[in-house]
Every structure is written in structure tokens, then in C-alpha cells.
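Subject: Structure for your review

Hello,

Here is the structure you are taking over. My notes on it follow below.

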Amino acid sequence: MKEKIGIVDVGGGLRGIYAAGILDRCLDEGIRFDLGIGVSAGSANLASFLAGQSRRNYKFYTEYAMRKQYMSVHNYLKNGSFIDLDYVYSGLSNSDGEYPLDYPAIARNPMEFYVVAEEADTATPTYFTKADIRQDCYDVCKASSAIPFVCKPYFIDGKPYYDGALADPVPVEKAFSLGCDRVVLILTLPLDHERKADRDLRIADRIRKRYPKAAIHLMQRAAKYNRSVKRARELAQEGKVLILAPDDTCGIGTLSRDVEGLQRFYEKGYEDAARIQAFLG
């Protein structure tokens, strides 16, 4: 019986260009997966992967992200969000946008697709599916990418959502619960990196009054991430998970705009993707 192979992209803001490099190589070499789970920027990476649009995300990271319409203090002062998620996932990505997402190709692709977000009022994880995506309606990616304080929560059907990393920062166990036999896990931080909660604690103070439960999850995010990576490493020892993680980040952080560093980080991902063929056998 054919194995069910999954891929998980944990996102990480503009560090997601590393994963974009990995996914572009998969497209170039005809590597396909049965299921994908995207967190935050990982949801956008996987959407383009399902659409078969190689290099699309590269353009977003290295060109569009440099525009003030994409992310800027101007956006924050005007709309309360440093990143204009509507510009990214509607203005640029709709059928009449500058670089449309090929929704019909996504719909035809048999690969299962899940997008992780956190419902801000209740702090419960939500795993949106391909059925929640329609032509020119990519709200689930907006919800998954709404970084607390950097962005306002994104509302879907009257409910506010924050970045999926609050709910399930490394959803490798989710992939197995959905029937995967083996999983490729893409991290955008070095494997030995242990996340600290300091910055999250400061941001939690900014959202605590309006979204106290989400603030608690934000305070716990680093510990969740570290536990999940530890578990993934155990599963890797058993041959069930292939972890692709950079040996360094080329100086790229969540909101970095260093085009040269982004280029190097993309190339690093493209090179590291060479390990996937051997894992899949």
C-alpha cells in the first residue's frame, strides 16, 4: 500500500524564503506530496507549491516585500498592521493582481492542504482546509500570517485569528494524526536553535487586554516550539521525519529586507532540498 507523505512548512516571516527554495526544487524535480500543512508564511509557500508556480514566492520575498504597501510603518499608522495582509494575499494574488495565484491549479491538485491559525478569542487551533479557499479568497493565509502586534487579528466569519504559530508552531504530530506515514519538516531556524520567550512576553503585554487567552499562548510559544522540535528529532531518529533546517539564517530575521541575504537563504534552501529524494527512496 502506498505511503502517505506529508510536508510541513512552519513559516517564520521573511525567513520563509528558505522553505521557498526547498519547495521550488521539489517543483523542478517533480517531487510531490500527499499532504501539506502551512503555518504563517508557510501557508503562502505551500499555496504556490500546490499551484505549481515555481519562483512565485521568491518574487514576493525579494521584490514585493520591499514595497511600503507590503510592510511599513505607514501601514501600521494607517491600518494598525505593519504588514498589509490584504495587499499581499488579495491585491497581489487575486486573479486581477500583479502576480495571481493559480487557484484552478490548486483546486485540481489532489494534495491535501491545511493552514494553521489561532482563534484569538478562545486561543484554539484552527486547521483550515482547501475547502476554505476559493478563487480570490485567500483569507485563511491572512489569518495564519497575522503576527500579534505586528498585525491586527484577521477576521473570518466574524472571528478574529492570529498567526498559526501561537496554536501549533511545528505541526508535525498533526500531520501524523491526519494519516501521514512519513513527513518532511521544514524549519527556518537552525535545528539546534532554542527559542527564547523574551520577545513574545513583551508582545503578549500588548494584546493581553483584548485577547488574554491568545496572550497566554504567545507566552508559551517558544516552549511549544522547542518541545515540538525535540519530538521531531526523535521521529527523525526513527526514520519517520526528515528535518530540513538551515545551518545559519544568513542574517535574515522575521522582517528582514536584506535582498542579498534573502537570495543566499533561498539558495541554501534549494541546496538542502537535495536530501528529500533519498528520504523518499
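A helix here is a DSSP run of H or I with at least four residues, and helices are numbered from the N terminus. By that definition, Tyr61 lies in helix H3, residues 56–62. Please keep in mind that this is a predicted model.

Overall fold

The protein chain contains 13 helices and 8 strands. Its radius of gyration is 17 Å, close to the 19 Å from the globule rule for 281 residues, so the chain is as compact as a globular protein of that length. The C-alpha trace spans about 50 × 40 × 35 Å along its principal axes.

Of the 281 residues, 58% count as buried. Among contacts with a separation of 6 or more, 73% are between residues 24 or more positions apart. The chain exposes about 12,000 Å², and carbon and sulfur atoms supply 50% of that area. There are 39 positive and 38 negative charges, and their mean positions are 4 Å apart.

Helix H1 covers residues 17–28, 12 residues in total. From its first C-alpha to its last it reaches 16 Å, close to the 16 Å expected at 1.5 Å a residue. Of its 12 residues, 11 are buried, so H1 is largely enclosed by the rest of the structure. The buried residues of H1 include the charged-type entries Asp24 and Arg25, along with Ile17, Tyr18 and Ala20. Just after H1, Gly30 has a positive phi of about 70°.

Among the buried residues of H2 are Ala41, Asn45 and Phe49. Just after H2, Gly52 takes a positive phi of about 75°.

Tyr61

Is Tyr61 buried or exposed? With a relative accessible area of 5%, Tyr61 is buried, because the cut-off for buried is under 20%.

Which residues does Tyr61 touch, leaving aside its neighbours within four places in sequence? Its contacts are Gly13, Leu14, Gly16, Ile17, Ala20, Ala41, Asn45, Met66 and Leu262. Of these, Ile17 and Ala20 are buried residues of H1, while Ala41 and Asn45 are buried residues of H2. Tyr61 and Leu92 are 31 residues apart in sequence, and their C-alpha atoms are 13 Å apart in space.

Regards

Conventions:
Residues numbered from 1 in each chain as written. Predicted model: local features only at pLDDT ≥ 70, side-chain atom pairs only at ≥ 80, totals over all residues. Heavy atoms only, no water. Helix = DSSP H or I, 4+ residues; strand = E, 2+ residues; numbered from the N terminus. Rg over C-alpha atoms; globule rule 2.2 N^0.38 Å. Buried < 20%, exposed > 50% of the residue type's maximum accessible area, 1.4 Å probe, protein only. Contact = heavy atoms within 4.5 Å. Areas by Shrake-Rupley, 256 points an atom, 1.4 Å probe, with all protein chains shown as cover. Charge placed at Lys NZ, Arg CZ, Asp CG, Glu CD. Expected span 1.5 Å × (residues − 1).
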